[in-house]
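This briefing goes through a single protein chain by topic. Please read it alongside the sequence and the coordinates.

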Amino acid sequence: MKKIVNIGGKEYTMKSSAYTQFKYKDDTGRRMLSDLQEITKLQGKKQEEMIEGMDDLTEIVLRMAYVMIEEADATQVKSYEEFLKSIDSLYDNVEWISEVIELATSPISRGI
């Protein structure tokens, strides 16, 4: 599945497939499903705890976004560091966070 997502005022084409979770592990050394589970745990917390977890949430979602951007078209980004430097504001519009999570879970949730 492909989708265009606006992060910090810049549009990125992202792609999610069965390959995404394996690329995520290769790129980050982390398991995507475990990180998605961490996001789910954060969503059920109180506001104060959620604010404390925003760093973790943001890091996980940005890494997922980067992997899916590369999967769609690697020429959109040079490196993870350059991708992060290109984002002027993460929280002006936070809709991108749910869009990235939804896209990342799409190959898993289609049959559920």
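The model is predicted: local features need pLDDT of at least 70, side-chain atom pairs count only at pLDDT 80 or more, and totals for chains, interfaces and linings use all residues. Residues are numbered from 1 along each chain as its sequence is written, and side-chain values use heavy atoms, with hydrogens and water left out.

**Overall make-up**

- The protein chain holds five helices and two strands, where helices (H or I, at least four residues) and strands (E, at least two) are DSSP runs numbered from the N terminus.
- Read from the N terminus, the order of elements is β-β-α-α-α-α-α.
- Of the 112 residues in the protein chain, 35% are buried; buried means under 20% relative accessible area, exposed over 50%, and partly exposed in between (1.4 Å probe, protein chains only).
- Among contacts (heavy atoms within 4.5 Å) with a separation of 6 or more, 64% come from residues 24 or more positions apart.

**Hairpin**

- Strand 1 (residues 2-7) pairs with strand 2 (residues 10-15) in the antiparallel sense over six bridges; two strands pair if DSSP finds at least two bridges between them.
- The bridge partner of N6 is E11 in strand 2.
- Two residues lie between the strands of this hairpin, and G8 takes a positive phi near 60°.

**Aromatic pairs**

- Rings of Phe, Tyr and Trp (its six-membered ring) pair if their centres lie within 6.5 Å; planes under 30 degrees apart count as stacked, over 60 as edge-to-face and the rest as tilted.
- By this rule there are four aromatic pairs.
- The ring centres of Y12 and F83 are 5.4 Å apart with the planes at 80°, so this pair is edge-to-face.
- Because Y12 lies in strand 2 and F83 in helix 4 (residues 80-85), the pair ties together parts 71 residues apart in sequence.
- Y12 and F83 are both buried.
- Y66 and Y80 also form an edge-to-face pair, at 5.4 Å centre to centre and 75° between the planes.
- Y66 belongs to helix 3 (residues 47-73) and Y80 to helix 4, so this pair ties together parts 14 residues apart in sequence.
- Both Y66 and Y80 are buried.
- Y12, Y66, Y80 and F83 are linked into a cluster by ring pairs.

- The whole structure has six salt bridges, each a side-chain nitrogen of Lys or Arg within 4 Å of a carboxyl oxygen of Asp or Glu.
- One of them joins D27 and K23 at 3.0 Å, N to O; both residues lie in helix 1, four residues apart, about one turn of the helix.
- K23 is buried at 12% relative accessible area, whereas D27 is partly exposed at 37%.
- K23 also meets E70 in a salt bridge (2.8 Å, N to O).
- E70 lies in helix 3 and K23 in helix 1, so the pair ties together parts 47 residues apart in sequence.
- F22 is in helix 1 (residues 20-28) and is exposed, with a relative accessible area of 52%.
- Within helix 3, R63 and E59 are four residues apart and form a salt bridge of 3.5 Å, N to O.
- R63 is partly exposed at 25% relative accessible area, and E59 is partly exposed at 39%.
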